Amino acid sequence: MKLKLNSLLLLIPFPLFLLSFVEFGQNHSANPNQPENKPVFSQFVYQGDDQVYKDYSLEDDEFYSPILQGCYPDPAITRKGDDYFMVHSSFAMFPGVPIFHSKDLVNWKQIGHVLDRKSQLKVSDTGIAAGVYAPAIKYNPNNDTFYMITTQFAGDFGNIVVKTKDPFKGWSDPYKLNFSGIDPSLFFDDDGKAYVVHNDAPDRGKELYNGHRVIKIWDYDVENDQVMAGTDKIIVDGGVNISEKPIWIEAPHIYKKNGKYYLMCAEGGTGGWHSEVIFVSDNPRGPYTPAVNNPILSQRYLNPNRSNKVEWAGHADLVEGTDGKMYGVFLGVRPNEKNRVNTGRETFILPVDWSGDFPVFENGLVPMEPKLRMPEGVENKTGKNGFFPNGNFTFTEDFSSEKLDYRWIGMRGPREDFITVNLNRLQINPFNKSIKAVAPISALFQRQMHKTFSATTTLDFTPGSEKDLAGMVCYQSEQFNYVFGLTKKENDYYLLLQRTEKGESKILASTKIDATQPIQLQVKAEGDDYQFNYAVGKGEFQNLGGTVSGDILSTNVAGGFTGNLIGLYATSSNDAQPE
């Protein structure tokens with residue numbers, strides 16, 4: 001990921017559920033002065049219905065890629081014995097760095113988040129496009145310890161590392177690392193030595209062009225969890241061929257095979273020119289020589305009008321499968337019919353052929369298919385027994401347990417600070433902050449995971465004043481979002497639809513409504529076309545505002561790095577008024 005966001009945005013082309021759980025207590029109101037009238041949501045149903053999964057039904061020995069649909073970008077993976085662990089960027093989401101476990105690379109369970117408390121995650125005053133970037137997870141067999149290293153653009157952190165003996169039991173508080181730059185990754189050699197590699201700017205005065213970056217290496221002191229001062233060295237300058245002015249060499253990982261060291265990096269920026277490249281050396285500190293067949297993964301050369309296209313492929317990590325074969329996880333996007341990417345950067349997987357001198361992603365330079373053959377001896381259990389689903393699926397949350405699925409996330413602060421879960425009801429204790437605030441907001445989010453979907457909930461709420469609002473949101477960022485909510489004006493209650501683009505808000509539609517009955521709220525999308533529907537009591541659904549564009553929910557319109565988040569939202573600082 002990129003330190004200079006404005007520079008990055010120039011690179012982006014514009015053109016389940018059986019659940020893993022996190023426990024919430026009975027009453028999570030953080031503010032004793034919360035308003036007495038608090039909105040209650042009694043059910044949430046998400047249904048995905050993409051055509052690609054109808055056209056490509058699975059055989060018994062197949063599974064779908066992406067393996068994680070929706071905004072799970074920048075995957076990194078490690079293995080200890082038969083256990084695989086994978087982590088992802090989370091930016092300003094709270095908790096941060098979702099972590100998944102698998103025994104076979106096909107069936108994944110979320111086991112929590114690496115950064116799950118305020119002492120680890122200080123994103124309360126940062127925009128959604130900052131926060132936690134590009135985590136890397138490594139297992140060190142020399143001391144039987146797992147490490148997660150990342151860049152946190154928030155608080156006073158910068159580059160940090162946390163560690164654990166058991167990823168199922170939580171992680172340490174961060175160790176702050178003494179270097180600048182982004183995208184750090186650890187490498188533990190079999191002689192006991194350790195190293196950190198990362199992206200950085202060139203030395204002062206040596207930046208040759210916009211996007212010129214370098215890869216540095218440091219010796220790492222395992223006993224003190226710190227890089228060793230004075231050991232930093234540039235091992236890649238610019239990229240594969242600096243005469244071609246390659247941009248944004250980043251996300252480095254080192255692997256060792258047959259006594260040689262292989263450095264794999266993303267190159268080209270996390271947009272349309274994204275790719276994965278590989279280098280080799282006889283020493284972890286270099287010098288490194290690029291492979292002649294670079295890139296080893298990219299979708300940038302292909303027909304832009306191909307069906308079911310995957311784009312922006314890169315930011316990869318390698319691991320050996322249970323069948324002895326190498327596999328690579330990486331990010332990619334699946335644009336809709338308007339070339340917008342509302343599902344965000346998703347996590348894909350491909351087998352890797354390393355029978356020659358260098359690894360190559362199998363079919364990684366040709367149009368990717370929606371499904372793959374499973375590794376030998378693996379059974380597809382996705383969507384069963386707590387494993388994440390693939391393809392089309394329905395997720396129902398009835399709030400019957402105090403334990404909510406790990407995919408429910410907050411923004412910039414813990415969910416526990418604003419929710420109460422009890423008796424099939426989710427109560428949101430509204431903050432005095434709106435959805436546009438760069439602060440913790442009282443909204444509980446799920447990721448959009450399909451191009452065609454519906455999300456429906458039931459709201460019981462009587463606003464006390466025009467400052468009170470509750471409902472649903474589609475949230476790309478604090479600057480780009482839709483609010484579909486119930487509020488009050490004078491003595492009447494209104495349901496309204498507000499669109500915010502570049503921080504400027506406009507009411508698209510509003511209607512008087514009977515707030516004495518529960519109201520069903522629904523967001524539906526078919527590609528770029530979104531509709532916001534409602535039903536009073538047991539009545540039929542009606543539309544509010546017609547069909548609106550999902551353009552502002554896409555990163556190639558809104559900027560940043562996330563996908564659309566669908567939220568249950570309340571505020572006591574509402575500024576949206578019906579017209």
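## Basis of the model

The structure is a predicted model in which local features need pLDDT of at least 70 and side-chain atom pairs count only at pLDDT 80 or more, while totals for chains, interfaces and linings use all residues. Residues are numbered from 1 along each chain as its sequence is written, and side-chain values use heavy atoms, with hydrogens and water left out.

## Cysteines

A search of the whole structure finds zero disulfides, a disulfide being a pair of cysteine sulfur atoms within 2.5 Å. Cys474 is in no disulfide, and the nearest cysteine sulfur, that of Cys71, is 14 Å away. Cys474 has a relative accessible area of 0% and is therefore buried; the term buried means under 20% relative accessible area, exposed means over 50%, and partly exposed lies in between, with a 1.4 Å probe and protein chains only. Cys265 also counts as buried, at 0% relative accessibility.

## Strands and sheets

Helices (H or I, at least four residues) and strands (E, at least two) are DSSP runs numbered from the N terminus, and two strands pair if DSSP finds at least two bridges between them. Strands β9-β10-β11-β12 form, in that order, an open sheet of four strands with antiparallel pairing. Because β9 (131–140) and β12 (175–176) each have a single partner strand, they stand at the edges, and one side of each is left without a neighbour in the sheet. Eight bridges join β9 to β10 (residues 145–153), and Tyr133 has Thr151 in β10 as its bridge partner.

Strand β13 (residues 182–188) is largely enclosed by the rest of the structure, because seven of its seven residues are buried. Five bridges connect β13 to the antiparallel strand β14 (residues 194–200), and Phe188 is the bridge partner of Ala194 in β14. The hairpin of β13 and β14 has five residues between the strands, and Gly192 there takes a positive phi near 95 degrees.

## Two buried residues

Ser90 occupies the loop between β5 (83–87) and β6 (93–94) and is buried at 1% relative accessibility. The side chain of Ser90 reaches the backbone nitrogen of Val97 at 2.8 Å. Not counting residues up to four places away in sequence, Ser90 touches Gly96, Val97, Pro98 and Val132, where contact means heavy atoms within 4.5 Å.

Val483 belongs to strand β35 (residues 481–489) and is buried at 3% relative accessibility. Neighbours within four places in sequence aside, the contacts of Val483 include Ile435, Leu469, Met472 and Tyr569. The C-alpha atoms of Val483 and Leu469 are separated by 9.6 Å, with the two residues 14 residues apart along the chain.

## Aromatic rings

Rings of Phe, Tyr and Trp (its six-membered ring) pair if their centres lie within 6.5 Å; planes under 30 degrees apart count as stacked, over 60 as edge-to-face and the rest as tilted. By this rule the count is 29 aromatic pairs. Tyr53 and Tyr64 form an edge-to-face pair, because their ring centres are 4.6 Å apart and their planes stand at 70 degrees. Tyr53 lies in helix α2 (residues 51–55) and Tyr64 in strand β3 (residues 62–64), so the pair ties together parts that are eleven residues apart in sequence. Both Tyr53 and Tyr64 are buried.

The rings of Phe453 and Tyr530 are edge-to-face, because their centres lie 6.1 Å apart and their planes at 70 degrees. Ring pairs link Tyr46, Phe393, Phe453 and Tyr530 into a cluster.

Key
A polar contact is a pair of N or O atoms within 3.5 Å; within protein, one must be able to donate a hydrogen and the other to accept it, and residues adjacent in sequence count only if both atoms are side-chain atoms.
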